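Subject: A structure for you to look at

Hello,

I am passing on a structure that may be new to you. Please open it alongside this email, and the notes below will walk you through what turned up.

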Amino acid sequence: MDKVIIKVKNTVVKEVPLGEEPQAEFMMGRDLKNHIIIEDQKVSRKHVLLSKKDGKYFVKDLGSANGSILNNLPLPPHEEKEVFHGDTLNIGDHEIYFDLPSVGTNALAGSGSVDPFGSTIPSFGSGETIRVSSVSDENNPLSTREQDVQEALNNLKPHLLIAYGDNREVYEINQTLITIGREPSNDIVIPHHSISSRHAQLKFEQGQFLLEDLRSTNGTMVNGTLIHRQNLVSPSLVLFGDVQCLFSTEDLMPSEVQGRLKKQILKSLIQHGYGSKKQINKIFSDQADRSLRAIGETLILQGLVKPEQWINLVTGKGEVEKKKLPLWVSIGIPSLLFLFLVIGALIFLIQNIDKKTKQKLEKAIKVWKEGRSKKDLKLYEEAEKLLQEAQGMANSEKLKEAIKSEYAKMLVDYGSQLVDEEKVNEGVQKWKTVFSIVEENNPAYLEAGKRLCEYFYNKAMEAKNREDKIKFLAQVIESGEDELGFDISAIKKEEIYKKVLMELAKTYFFKGLALFEEDKILVAKNIWTKKLLPILTDQPGSLYFALGQLGSLACEYIRKARVDDPRKDLTYEQFQEKWNKFQAKFPNYLEELRKTKKITQLSFVKKVKEEHEKKE
């Protein structure tokens, strides 16, 4: 029977039969709704679709965050590719081997099935789900412990209600591990500027919910306390950046206690003017048989209360602030006339303050420009102090934004001057501060990002060894927001980014080549497939992308040739075809490579020929 065999670090962790039906689909990914669940944080929620059509098999990457590798070549997203017996697919840290005796190999169809693992497995029905983790379980798709954990999670019915601006949404948590952030690859996506790409993760273990901040820029708070790692109880107020969330589980309090609490909350909401009496009564009467949590979520989703106010009502720590009555009702007409006089005086005072703020801003700009022309750090320091004072004085939003913009521009110059005077850490910190002051569309944001990248590029070019060089370059290309504090995609079109990218690609290639020449074949292949190729996904026509593919195929052929794998001939043919295309496309490739290392030919090309002749 056809099946897929899933491995982690060359160890089989699961075998999944594909059934006898001529038409079938198998979704693979991290989501619990998939047919084949792969518990790997590098795997997307819906990563790959395996389809069976009239006895033939096809795979399609569903736009995953980290991509898929089919037979050592990147699988283009949303493009269906036919697979054959003996093909391999890499997603995250998992390798999927296609054992498909019914279709044969790509070039050796009819030569008989080859199962290098020699195992038999029971039938897999189309309605079943297979969970894959890094530990082998031969008997059940879910181990007893995993079933118990999942059952405990399902019984608690945890929810995360997210509220920001006009957005309100409730998420049912049905996985033991979820990630929260701004990137689409997260389980819960919050597209808000205060949220980091990967902001936090929520894990259910040993009957408790553990919330962990993933080194986010703006932090995570639980019930008013900034946390790194914290157990959550129900209900809890969680703040991701500036986004307010309500975490809760199914109400366990007795029904009579809930009934009394509902009456108290109903009375408090009506008394303090949260919605009309008719509106509040309708919500409570329509949901009389539902839990207190369900009523709270309805009130929050309709914008009548905030998550923080609901928690205070339920826990008895306080109550919602009383809504003010119309001014003319609460204080009367005479007092209102007096109030107008006071307001007029305040407006005059505010206008006077804003005038002084503008004068301070103008003075700060003058001092800053003088500091730039004289290259005087003391003048920069004075300008920064003046701008900070102006920020504290400003009343109008327009003036506040103007001060922020000028402050950011000044910090870009200040950082450059500090770096020029070898006060590197202080200079880099000034650039990073820009990212917390202004948004990505501000020119100062882009300029600070470019200067940071240029700094790391220069440090890399001064590095005395390859590992230090990789460390500096990777901070720009691979670490991105975590290391630099800003969205690296903002400068992807800039020349400095392209220089850093190609220099890192070149360094990874030569690192892999050095390992290959030491006969560390598998290590070299990992460098090329897991480091070099992923960073050049947007540059598939580049020299080093082509070299990475060619080197990976060479490693794969040599590995198969040494163990006399029957698929070696097919891999050799693939290598030869790619080598011929490579030479036609890059006839002067050696001239480019000699700029870094004096070589007369690619060592892995020579090695492939030697191995092939030896086997012949």
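This is a predicted model: local features need pLDDT of at least 70, side-chain atom pairs count only at pLDDT 80 or more; totals for chains, interfaces and linings use all residues.

Helix α10 covers residues 424-437 and helix α11 residues 443-462; their axes come within 8 Å and cross at roughly 150°. On the α10 side, the contact is made by Val424, Val428, Trp431, Lys432, Val434 and Phe435. From α11 come Ala444, Tyr445, Ala448, Gly449, Arg451, Leu452 and Tyr455. Sorted by class, that makes ten nonpolar, one polar and two charged residues.

Next, the sheet. Five strands form an open sheet with mixed pairing, in the order β16-β15-β17-β18-β21. Because β16 (188-189) and β21 (229-232) stand at the edges with a single partner strand each, one side of each is left without a neighbour in the sheet. The partner β15 (residues 177-181) pairs with β16 in the parallel sense, over two bridges, and Ile180 stands opposite Ile188 in β16.

Finally, have a look at His199, in the loop between β16 and β17. Is His199 buried or exposed? Its relative accessibility is 0%, so His199 counts as buried. The His199 side chain makes a polar contact with the side chain of Ser216, at 3.2 Å. Residues that His199 touches include Ile180, the β16-facing residue mentioned above, as well as Asp213, Leu214 and Phe240.

Enjoy exploring!

Best wishes

Key. Residues are numbered from 1 along each chain as its sequence is written. Side-chain values use heavy atoms; hydrogens and water are left out. Two strands pair if DSSP finds at least two bridges between them. Helices (H or I, at least four residues) and strands (E, at least two) are DSSP runs, numbered from the N terminus. Axes are lines fitted to C-alpha atoms, for helices over the stretch in contact, and angles run from 0 to 180 degrees between N-to-C directions. Contact means heavy atoms within 4.5 Å. Ala, Val, Leu, Ile, Met, Phe, Trp, Tyr, Cys and Pro count as nonpolar, Asp, Glu, Lys and Arg as charged, and the others, Gly among them, as polar. Buried means under 20% relative accessible area, exposed over 50%, partly exposed in between (1.4 Å probe, protein chains only). A polar contact is a pair of N or O atoms within 3.5 Å; within protein, one must be able to donate a hydrogen and the other to accept it, and residues adjacent in sequence count only if both atoms are side-chain atoms. Lists of a residue's contacts leave out its neighbours within four places in sequence.
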